[in-house]
Amino acid sequence: AVTSILCGWIGMMIAVYTNVRTTHQCWKDLKAGFDVAIQGGCVMGLSLVSIGVLAIFVVIEVFKRCFDFERAEVMFEAIAG
């Protein structure tokens, strides 16, 4: 739930910032506005995926330290549910 809230907050901040920049660029040229919009979407997507990967890493490290699994496959099955 915490990562969902964090991703939503970061996503909205990037989206608002990108929308302002896109609108400003579209006054000059539509192609420039489109380029800004695509770049902002790429940044948002990359940052949200990075937070997800970091969250999975933290969960795996917590499971390694708190529980004693005989094999890594058993631990991954426990995490996946």
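**Cysteines and helix packing**

Colleague: How far is the sulfur of Cys-7 from the closest cysteine sulfur?
Modeller: This is a predicted model, where local features need pLDDT of at least 70 and side-chain atom pairs count only at pLDDT 80 or more, while totals for chains, interfaces and linings use all residues. Residues are numbered from 1 along each chain as its sequence is written, and side-chain values use heavy atoms, leaving out hydrogens and water. The closest cysteine sulfur belongs to Cys-42, and it's too far for a bond, at 17 Å.

Colleague: Is Cys-7 buried or exposed?
Modeller: Buried means under 20% relative accessible area, exposed means over 50%, and partly exposed is in between (1.4 Å probe, protein chains only). Cys-66, at 57%, is exposed. Cys-7 has 19% relative accessibility, so it counts as buried.

Colleague: How do H1 and H2 lie relative to each other?
Modeller: Helices are DSSP runs (H or I, at least four residues), numbered from the N terminus. Axes are lines fitted to C-alpha atoms over the stretch in contact, with angles from 0 to 180 degrees between N-to-C directions; under 35 degrees is roughly parallel, over 145 roughly antiparallel, 65 to 115 roughly perpendicular and the rest oblique. The axes of H1 (residues 2-28) and H2 come within 8 Å and cross at roughly 170°. That makes the pair roughly antiparallel.

Colleague: How many nonpolar residues are in the contact of H1 with H2?
Modeller: Contact means heavy atoms within 4.5 Å; Ala, Val, Leu, Ile, Met, Phe, Trp, Tyr, Cys and Pro count as nonpolar, Asp, Glu, Lys and Arg as charged, and the others, Gly among them, as polar. On the H1 side, the residues include Cys-7 and Thr-22. Eight residues are polar and one is charged, and the nonpolar ones number 15.

Colleague: Which residues does Thr-22 touch, leaving aside neighbours within four places in sequence?
Modeller: Thr-22 sits in H1 and is buried, with a relative accessible area of 14%. Leaving those neighbours aside, its contacts are Gly-33, Val-36 and Ala-37.

Colleague: What about H2 and H3: how are they oriented to each other?
Modeller: The axes of H2 (residues 30-66) and H3 (residues 72-80) come within 11 Å and cross at roughly 120°. The two helices are therefore oblique.

Notes:
Disulfide = S-S within 2.5 Å.
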